[in-house]
Amino acid sequence: MSAEEIIDIVDEDDRVVGRSPRGEAYARGLRHRCAFVLARDAEGRIFVHRRTATKQVFPSLYDMFVGGVVGAGESYDEAALREAEEELGVSGLPRPEHVLTFLYDDGAGRSWWSAVYEVRCDRPVRPQAEEVAWGDFLSEAELERRLGEWEWTPDGLVAYERLKAYRSES
């Protein structure tokens, strides 16, 4: 999505209260919606990537989720599938499975409802060059080792911790 694309603006209960160009929503700290997709390959490894330096939010940071902003009138489910296929550079993925939703708020003007999904990607990936500077599938143990070494997207870290907590409670 470009800075001019229109997104839904939502309230603290995730109800749509307006629409705005994406760039303006970021600049003004307007609450919106995002989809986070944890993509695993056939061996259960997680796709991890470093965002490009041109990303509007969290440039050059690592992330264990593909995904992005939900477009105006788009559902979380639609955005999860669209974003996963775009960023991984594949088509025909199975519909990502919704796991949990939470409100991310960094206390400094960045706030978005975050729907977390998982999907299995058995195809070779061709990451979107505009979005992904580097990417590879890592084992969960390798990902855990890298958490203290690499600089990660703050919202991705929160989503990952919530996903791990959810799994341990289930």
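This is a predicted model: local features need pLDDT of at least 70, side-chain atom pairs count only at pLDDT 80 or more; totals for chains, interfaces and linings use all residues.
Local features require pLDDT of at least 70 and side-chain atom pairs count only at pLDDT 80 or more, while totals for chains, interfaces and linings use all residues. Residues are numbered from 1 along each chain as its sequence is written, and side-chain values use heavy atoms, with hydrogens and water left out. Helices (H or I, at least four residues) and strands (E, at least two) are DSSP runs numbered from the N terminus.

**Strand 8 and its partners**

- Strand 7 (residues 97–105) runs antiparallel to strand 8, and 8 bridges join them.
- Phe102 is bridged to Ser114 in strand 8.
- The hairpin of strand 7 and strand 8 has 5 residues between the strands, and Gly107 takes a positive phi near 75 degrees there.

**The loop between strand 8 and strand 9**

- Asp122 lies in this loop and is exposed, at 52% relative accessibility.
- Asp122 touches Asp41 and Ala42, residues up to four places away in sequence not being counted; contact means heavy atoms within 4.5 Å.
- The side chains of Asp122 and Arg120 are joined by a polar contact of 2.7 Å (a pair of N or O atoms within 3.5 Å; within protein, one must be able to donate a hydrogen and the other to accept it, and residues adjacent in sequence count only if both atoms are side-chain atoms).
- From C-alpha to C-alpha, Asp122 and Ser111 are 33 Å apart in space and 11 residues apart in sequence.
- Leaving aside neighbours within four places in sequence, Glu131 is in contact with Arg50, Arg51, Thr52, Lys55 and Glu87.

**Strands 1 and 2**

- Strand 1 (residues 6–10) and strand 2 run antiparallel and are joined by 5 bridges.
- Ile6 stands opposite Pro21 in strand 2.
- Asp14 takes a positive phi near 65 degrees in the hairpin of these strands, which has 5 residues between them.
- Ser20 is in strand 2 (residues 16–21) and is buried, with a relative accessible area of 4%.
- Contacts of Ser20, not counting residues up to four places away in sequence, are with Glu5, Ile6, Ile7, Ile9, Ala25 and Leu30.

**The cavity**

- The structure holds 1 cavity of 30 Å³ or more; on a 1 Å grid over the protein atoms alone, a cavity is a set of points where a 1.4 Å probe fits but cannot get out.
- The volume of the largest cavity is about 310 Å³, a volume being the space filled by probe spheres set on the points, with grid points joined across faces, edges and corners.
- The lining comprises 25 residues, each with an atom within 4 Å of a point.
- Arg51, Gly67, Gly68, Val69 and Asp155 lie nearest the centre of the largest cavity.
- Helix 1 (22–28), strand 3 (32–40), strand 4 (46–51), strand 6 (66–69) and helix 2 (76–88) each supply at least two lining residues.
- The lining has 11 nonpolar, 6 polar and 8 charged residues, where Ala, Val, Leu, Ile, Met, Phe, Trp, Tyr, Cys and Pro count as nonpolar, Asp, Glu, Lys and Arg as charged, and the others, Gly among them, as polar.

Notes: Buried means under 20% relative accessible area, exposed over 50%, partly exposed in between (1.4 Å probe, protein chains only). On a 1 Å grid over the protein atoms alone, a cavity is a set of points where a 1.4 Å probe fits but cannot get out, and a pocket is an open set with protein on both sides within 12 Å along at least five of seven lines; lining residues have an atom within 4 Å of a point. Two strands pair if DSSP finds at least two bridges between them.
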